[in-house]
Amino acid sequence: MAEFPADLKFAKTHEWARLEDDGTVTVGISDYAQEALGDVVFVELPDVDAALNAQGEAGVVESVKAASDIYSPVSGIVIEINTELEDKPEIVNEAPYADGWFFRLTPSDSDELNSLLGSTDYQRLCEEETH
């Protein structure tokens with residue numbers, strides 16, 4: 001069963017966002033999303049210094065079942081990508097909220113985080129999708 005950590009915000013497109021102590025935002029895909037995709041075999045991430053728009057394409061995650069676009073849940077400038085995923089994309093399946101993160105960015109509008117779903121609302125959305 002998928003996990004829905006209370007300290008995260010979620011996009012309807014199944015990305016999660018965590019506000020870090022330094023004001024940056026870490027982004028990945030949810031446990032629910034990685035379960036639905038199956039075994040992740042490739043991740044294409046944005047370039048460092050790329051400017052991303054909220055709900056804009058940020059990359060691609062491919063699994064044995066499907067390829068899916070990654071969207072940025074908030075606008076900002078990419079400051080770091082998870083280079084470990086280049087050689088070990090399966091980390092997304094093993095630890096989607098820890099070592100399986102995709103990128104970090106400096107948000108251009110901190111209010112955008114408030115428009116994302118909390119864990120309870122996101123869990124409800126996922127339950128609706130499976131029925």
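Reader: Let's start with His14: buried or exposed?

Author: His14 is buried, at a relative accessible area of 13%. Buried is under 20%, exposed over 50% and partly exposed in between (1.4 Å probe, protein chains only). This is a predicted model, where local features need pLDDT of at least 70 and side-chain atom pairs pLDDT 80 or more, while totals for chains, interfaces and linings use all residues. Residues are numbered from 1 along each chain as its sequence is written, and side-chain values use heavy atoms, without hydrogens and water.

Reader: Where's the place of His14?

Author: His14 sits in the loop between β1 and β2. Strands are DSSP runs of E with at least two residues, helices are runs of H or I with at least four, and both are numbered from the N terminus.

Reader: What about phi of Asp49?

Author: Asp49 also has a positive phi, near 80°, in a residue other than glycine. Its place is the loop between β4 (40-44) and β5.

Reader: Asp49, buried or exposed?

Author: Exposed: the relative accessible area of Asp49 is 62%.

Reader: OK, on to the sheet. In what order do the strands come?

Author: The open sheet has six strands, ordered β1-β2-β3-β9-β8-β5, with antiparallel pairing. β1 (9-10) and β5 (51-52) are at the edges with a single partner strand each, so one side of each has no neighbour in the sheet. Two strands pair if DSSP finds at least two bridges between them.

Reader: How many bridges join β1 to β2?

Author: Two bridges link β1 to β2 (residues 15-19), and the strands run antiparallel. Lys9 has Ala17 in β2 as its bridge partner.

Reader: And which residue in β9 does Val25 stand opposite?

Author: Val25 faces Leu105 in β9. Strand β3 (residues 25-29) and strand β9 (residues 103-107) run antiparallel, with three bridges between them.

Reader: How many bridges for β8 and β9?

Author: Five bridges connect β8 (residues 76-81) with β9, again in the antiparallel sense. On that side, Ile77 stands opposite Thr106 of β9.

Reader: Switching topic: how many aromatic pairs does the count come to?

Author: The count comes to four aromatic pairs. In one of them, the ring centres of Phe10 and Tyr97 are 6.4 Å apart and the planes meet at 85°, so the pair is edge-to-face. It joins distant parts of the chain: Phe10 belongs to strand β1 and Tyr97 to the loop between α3 (91-94) and β9, and they are 87 residues apart. The rule takes rings of Phe, Tyr and Trp (its six-membered ring) with centres within 6.5 Å; planes under 30 degrees apart are stacked, over 60 edge-to-face and the rest tilted.

Reader: Is that Phe10 buried or exposed?

Author: Phe10 is buried, with 1% relative accessible area. Tyr97 counts as buried too, at 12% relative accessibility.

Reader: Which residues form one aromatic cluster?

Author: The cluster is made of Phe4, Phe10, Trp16, Tyr97 and Tyr122. Phe10 ties this back to the sheet, since it lies in strand β1.
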